[in-house]
There are 2 protein chains.
Amino acid sequence: METGGTGQRLFLEDLAIGRRFAAGPVRISVEDILAYATRFDPQPFHTDPTTTGHPVLGGHSASGWHTASLTMRMITEALPLAWGVVGGGGEIAWPRPVRPGDTLRIEAEVLETGRSRSRPGQGWARLRVTTLNQRDEPVQVLVTRLIVPCRLPAPATS
Amino acid sequence: METGGTGQRLFLEDLAIGRRFAAGPVRISVEDILAYATRFDPQPFHTDPTTTGHPVLGGHSASGWHTASLTMRMITEALPLAWGVVGGGGEIAWPRPVRPGDTLRIEAEVLETGRSRSRPGQGWARLRVTTLNQRDEPVQVLVTRLIVPCRLPAPATS
């Protein structure tokens with residue numbers, strides 16, 4: 001498992017299928033949850049630390065989009081892509097709530113890569129990025145497609 | 001197109017296929033972009049307003065997760081679900097960048113609904129939420145599955 005911070009800049013050719021990256025942990029405080037929720041997801045089960053009994057979430061929890069935002073921060077730390085981490089989207093799932101005081105970390109794995117057919121010098125990589133809490137339980141699973149530069153031009157085809 | 005704010009609380013039975021909701025516009029300033037990016041996506045094409053020439057993004061742009069966060073805020077305004085807006089995840093795509101000064105709005109449409117097989121009184125709704133800029137160009141397309149309560153128990157089956 002690699003953790004970035006080596007000064008290396010990664011290209012498509014560096015992203016072998018199965019290569020893994022990690023970052024974190026980061027602690028999410030009740031103040032963090034309130035600051036994000038007030039701005040972006042002002043629902044009582046995120047903005048009120050005394051909330052109880054929500055039929056799905058139970059007690060006070062972080063917005064899923066807050067977890068996604070913290071995950072993005074960790075992805076930028078884990079994955080030193082030469083063009084930065086630029087994605088076109090992906091699939092996201094939140095299998096369980098994030099609670100105040102949880103510490104989150106990510107594990108990322110390269111699932112698939114390819115070269116762009118229309119843009120020479122450009123490729124893509126599909127990664128699964130799992131965000132885990134302090135009990136190693138997944139709180140978010142993101143499968144994302146990132147745009148990555150190629151170090152070398154595509155081999156000529158005859 | 002409906003815009004929330006009626007005091008109504010919506011249940012599964014209210015979410016007819018094709019029913020549409022809207023919210024916004026909200027303006028995204030350069031300060032908004034910097035505040036979010038500094039905290040969650042500290043890459044130069046988000047944190048430096050003078051950035052130019054990124055091969056994919058061009059100039060200064062908002063983090064896609066910032067767009068997702070603003071979209072969540074608008075979803076909470078548009079969609080007065082009885083349990084609040086609680087989702088298990090979805091698919092997200094960012095077809096073009098968001099720039100400082102853009103104004104964003106959402107259009108949401110109910111695609112599909114169903115009752116939970118395992119939890120009586122609970123159902124789900126799949127919605128497409130499109131985030132558009134001031135030129136009516138989509139900057140984000142989210143297809144999300146929300147958990148929604150039923151107003152009435154399921155009809156007895158013989």
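In what order do the elements of chain A run from the N terminus on? They follow the pattern β-α-α-α-β-β-β-β, giving 3 helices and 5 strands in chain A; helices (H or I, at least four residues) and strands (E, at least two) are DSSP runs, numbered from the N terminus. The model is predicted: local features need pLDDT of at least 70, side-chain atom pairs count only at pLDDT 80 or more, and totals for chains, interfaces and linings use all residues. Residues are numbered from 1 along each chain as its sequence is written, while chains are lettered from A and ligands numbered from 1 in the order in which they are written.

The C-alpha atoms of chain A fill a box of roughly 65 × 30 × 25 Å along the principal axes. Of its 158 residues, 38% count as buried, a residue being buried if 20 or more other C-beta atoms, placed from the backbone, lie within 10 Å of its own.

The helix α3(A) has 15 residues and spans 21 Å from its first C-alpha to its last, close to the 21 Å expected at 1.5 Å a residue; the expected span is 1.5 Å times one less than the number of residues. Of the 15 residues of α3(A), 14 are buried.

In total, 30 residues of chain A are in contact with 30 residues of chain B, contact requiring C-beta atoms, placed from the backbone, within 7 Å. On the side of chain A that touches chain B, the elements giving two or more residues are α3 (64-78) and β2 (87-93) of chain A. The largest share, 8 residues, comes from α3(A). The residues of that side divide into 17 nonpolar, 10 polar and 3 charged, where Ala, Val, Leu, Ile, Met, Phe, Trp, Tyr, Cys and Pro count as nonpolar, Asp, Glu, Lys and Arg as charged, and the others, Gly among them, as polar.

The strand β2(A) is joined by 5 bridges to β2 (residues 87-93) of chain B, and the two run antiparallel; pairing requires at least two DSSP bridges. Within this pair, G89(A) stands opposite A93(B).

How are the two copies related? Chain A can be laid on chain B with an RMSD of 0.0 Å by a turn of 180 degrees and a shift of 0.0 Å along the axis, superposed by least squares on the C-alpha atoms of residues with pLDDT of at least 70 in both. The copies are therefore related as by a two-fold rotation axis. In chain A, the C-alpha nearest this axis belongs to E91(A), 2.2 Å from it.

Note on methods:
Contact = placed C-beta atoms within 7 Å. Buried ≥ 20, exposed ≤ 12 C-beta atoms within 10 Å, placed from the backbone.
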